[in-house]
Amino acid sequence: MIDAYNPSMIEGRCISCGQGLVEEGCVAFPCPECGTIIRRCRSCREKSAKYECPECGLVGP
Ligand SMILES: [Zn+2]
Ligand SMILES: [Zn+2]
């Protein structure tokens with residue numbers, strides 16, 4: 001199940017755990033508050049780890 005777009009390559013690091021986004025299933029989506037691209041790795045997405053927007057500080061599920 002894919003709940004966000006899944007480009008073949010995402011540059012940067014997971015916002016939750018800081019790992020490089022090398023495995024399939026990582027996602028990138030704009031912050032609902034400010035539009036900054038937030039990136040998460042597959043394992044954090046599956047765990048629904050929280051994220052914190054580096055720009056506006058929004059914390060989300
Ligand atoms: Zn992660
Ligand atoms: Zn934000």
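Where does Gly-20 lie relative to β1? In the model, Gly-20 is placed in the segment before β1, a strand that covers residues 27-30. The structure is a predicted model, in which local features require pLDDT of at least 70 and side-chain atom pairs count only at pLDDT 80 or more, while totals for chains, interfaces and linings use all residues. Residues are numbered from 1 along each chain as its sequence is written, and chains are lettered from A and ligands numbered from 1 in the order in which they are written.

The chain holds one helix and four strands, where helices (H or I, at least four residues) and strands (E, at least two) are DSSP runs numbered from the N terminus. Read from the N terminus on, these elements follow the order β-β-α-β-β. Of the 61 residues in the chain, 16% count as buried, a residue being termed buried if 20 or more other C-beta atoms lie within 10 Å of its own, exposed if 12 or fewer, and partly exposed in between, with C-beta atoms placed from the backbone. Among contacts between residues at least 6 apart in sequence, 32% join residues at least 24 apart; two residues are in contact if their C-beta atoms, placed from the backbone, lie within 7 Å.

Strands β1 and β2 run antiparallel and are joined by four bridges, two strands being paired if DSSP finds at least two bridges between them. Pro-30 has Ile-37 in β2 as its bridge partner. The two strands form a hairpin with six residues between them, and Gly-35, in the turn, has a positive phi of about 90°. In a regular strand the side chains alternate between the two faces of the sheet. In β2, Ile-38 and Arg-40 make up the covered face, whereas Ile-37 and Arg-39 make up the uncovered one.

Arg-40 belongs to strand β2, which spans residues 37-40, and this residue counts as buried because 27 C-beta neighbours lie inside 10 Å. When neighbours within four places in sequence are left aside, Arg-40 is in contact with Cys-14, Ile-15, Ser-16, Cys-26, Val-27, Arg-45 and Tyr-51. The C-alpha atoms of Arg-40 and Lys-50, which are 10 residues apart in sequence, are 9.7 Å apart in space. Gly-20 and Arg-40 are 20 residues apart in sequence, with a C-alpha to C-alpha distance of 9.3 Å. Gly-20 itself has 13 C-beta neighbours inside 10 Å and therefore counts as partly exposed.

The C-alpha atoms of Glu-11 and Arg-39, which are 28 residues apart along the chain, are separated by 8.7 Å.
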